[in-house]
Amino acid sequence: MSPAMIFQLQLVLCYVPWLLCFAAYAWPRLRAMDPVAAQRAIATLHSFRFFGLVFLVPGVVGPSLPAGFAVFSAYGDLATGALAMLALLTVQIRPLFWALVIAFNAVGATDLVVDYYHGFQLGLATQAGQLGAAYAILIIYVPLLMITHVASVRLLARRQPAAAPDLSRPAAA
């Protein structure tokens, strides 16, 4: 099997165990949590995305890693991580917190989709060895990031139950 085929297979197959794990353990807990706490948990995971700057570090990645992939990916991850950290820091200022949750999801999901596009357009699978140690980021970490972006958006979109009527007070006439 060629290295390109191995890379593509691993990239696709890694979604399977993450989806199974997420569906069994994380998603039920996130759905049961207070909406702010659930988004904080997801933002905490994404706050580590500054690690994507490793795509710019010579010696960690090969010299022939396409710059069109590496630069956009690195700075997209940095921006997403910074927005996630800001969301965590502003949890007490709810309108700002919610705006930053939306922002880190919009920037982060866009980054991942564009990274997949750039990787395909630039033939990254045929140069997978140039990823060096960063190979694990794409195979292990990125699928979880994409899954949690989808989960975060689903949690944002879910309808909040209306407050239960207070039956202890007389109804207003």
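Which residues in α1 meet which residues in α2? In this predicted model, Leu 11, Val 12 and Leu 13 of α1 meet Tyr 15, Val 16 and Pro 17 of α2. By class, this contact has 6 nonpolar residues, with no polar and no charged ones. Helix α1 spans residues 3-13 and helix α2 residues 15-32. Their axes lie 5 Å apart, at an angle of about 10°. Angles under 35 degrees count as roughly parallel, and α1 and α2 are therefore roughly parallel to each other.

Helices α4 (residues 67-89) and α5 (residues 94-121) also pack. Their axes come within 8 Å and cross at roughly 165°. That makes α4 roughly antiparallel to α5. The crossing is left-handed. On the α4 side, the contact residues include Gly 68, Phe 69, Phe 72, Gly 76, Asp 77, Leu 83 and Ala 87. On the α5 side, they include Phe 97, Leu 100, Phe 104, Gly 108, Asp 111, Asp 115 and His 118. The residues of this contact divide into 14 nonpolar, 7 polar and 3 charged.

Aromatic pairs were searched for across the whole structure, and 5 were found. One of them joins Phe 55 and Phe 69. The ring centres are 5.5 Å apart and the planes stand at 80°, so the pair is edge-to-face. Phe 55 sits in the loop between α3 (35-46) and α4, whereas Phe 69 belongs to helix α4. The two residues are 14 apart, and the pair links distant parts of the chain. Both Phe 55 and Phe 69 are buried. Phe 69 is also among the α4 residues that meet α5.

Note on methods. Residues numbered from 1 in each chain as written. Predicted model: local features only at pLDDT ≥ 70, side-chain atom pairs only at ≥ 80, totals over all residues. Heavy atoms only, no water. Axes fitted to C-alpha atoms, helices over the stretch in contact; angles between N-to-C directions. Helix = DSSP H or I, 4+ residues; strand = E, 2+ residues; numbered from the N terminus. Parallel < 35°, antiparallel > 145°, perpendicular 65-115°, else oblique. Left-handed = near helix turned anticlockwise from the far one by under 90°. Contact = heavy atoms within 4.5 Å. Nonpolar A, V, L, I, M, F, W, Y, C, P; charged D, E, K, R; others polar. Phe/Tyr/Trp six-rings, centres within 6.5 Å; stacked < 30°, edge-to-face > 60°. Buried < 20%, exposed > 50% of the residue type's maximum accessible area, 1.4 Å probe, protein only.
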